[in-house]
Amino acid sequence: MNLSDRVYLVTGAAGGIGAGIAEALVEAGGSVALGDLDLDSTEAAARAIDPSGKRTPAVRCDVRSDAGVAEAIAATVAQFGRLDGVVNNAGVIEMNEARHATGEAWARELDINVTGAFRVCQAALEHLTTSDQAAIVNVASNCGKVGFPNMAGYNASKAAVINLTRSLATEWAPLGINVNAVCPGAVDTPMLARVADWLADHQGGDPEDILAGMALPQIGRKIAPIEVGRVVAFLLSADAIIIRGQAINVDAGETPY
């Protein structure tokens, strides 16, 4: 697997899975623009991956805005002169019982998690069609297949990302663009810690104990962000050319389909 001379934009890259993906792409030889709303945190993540900054520029990217997405892509192309792929990782979760969920929270999850990913794909299209190894990876979740309690909006949004992936893979294959998704579960990130905090506040228990209980039985621990990133790196590479429109579980065996 070799991503040398390839250029990617990763959204939601200031930390967590996004930063792990960026690190894995650089590890495989690629250059990566790290996109996020918090530019200070994004710059810190970028420098941690490549202290020189030459292969990991930080760009402000608001996936809720057509203009914000266009600016992030333009900044990436201006830096490197090309764009070979995007990774749609930006996402939010609004924990709540379905009966208490607000319309505002529901709309926010779908706008960022689904529509935001589609905005990035659309805006990147003209640049991807000029690449000889164009690929898109959308970060969905095993929540999009299982449907866990207290996160109906998140579950629905990630199921939509899975189907968006299938749709784009079919429609854009003639354009030379490969599209896949990954479905992580129990990755060791601040988002997972916030889920544990919510569960402790609403159902009782110690959040640290709840978080520790999220370790995956087959490996006896949570997943590291870079481990998800290495699967993403493979899906962006020419080695994955026959894997198309798939939603690949990266949850240590928790989801059997």
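1. Helices (H or I, at least four residues) and strands (E, at least two) are DSSP runs numbered from the N terminus.

2. This is a predicted model, in which local features need pLDDT of at least 70 and side-chain atom pairs count only at pLDDT 80 or more, while totals for chains, interfaces and linings use all residues. Residues are numbered from 1 along each chain as its sequence is written, and side-chain values use heavy atoms, without hydrogens and water.

3. The N-terminal end of α2 is capped by D38, with a side-chain oxygen 3.3 Å from the backbone nitrogen of D40.

4. Helix α4 (residues 103-128) packs against helix α6 (residues 152-172) at an angle of about 20°, and their axes are 8 Å apart. The two helices are therefore roughly parallel (angles under 35 degrees). Axes are lines fitted to C-alpha atoms over the stretch in contact, and angles run from 0 to 180 degrees between N-to-C directions. The crossing of α4 and α6 is right-handed, that is, the near helix is turned clockwise from the far one by less than a right angle. Residues making the contact (heavy atoms within 4.5 Å) include W106, L110, F118 and L125 of α4 and Y154, V161, L164 and W172 of α6.

5. D84 sits in the loop between α3 (66-80) and β4 (85-88). D84 is buried, at a relative accessible area of 0%. Its side chain makes a polar contact of 3.5 Å with that of R6 (a pair of N or O atoms within 3.5 Å; within protein, one able to donate a hydrogen and the other to accept it, and residues adjacent in sequence counting only if both atoms are side-chain atoms). Beyond its neighbours within four places in sequence, D84 has contacts including D5, R6, Y8, L128 and Q133.

6. N150 lies in the loop between α5 (143-146) and α6. N150 is buried, with a relative accessible area of 15%. Not counting residues up to four places away in sequence, N150 touches E94, M95, N96, E97, W198, L199 and Q203.

Notes. Angles under 35 degrees count as roughly parallel, over 145 as roughly antiparallel, 65 to 115 as roughly perpendicular and the rest as oblique. Buried means under 20% relative accessible area, exposed over 50%, partly exposed in between (1.4 Å probe, protein chains only).
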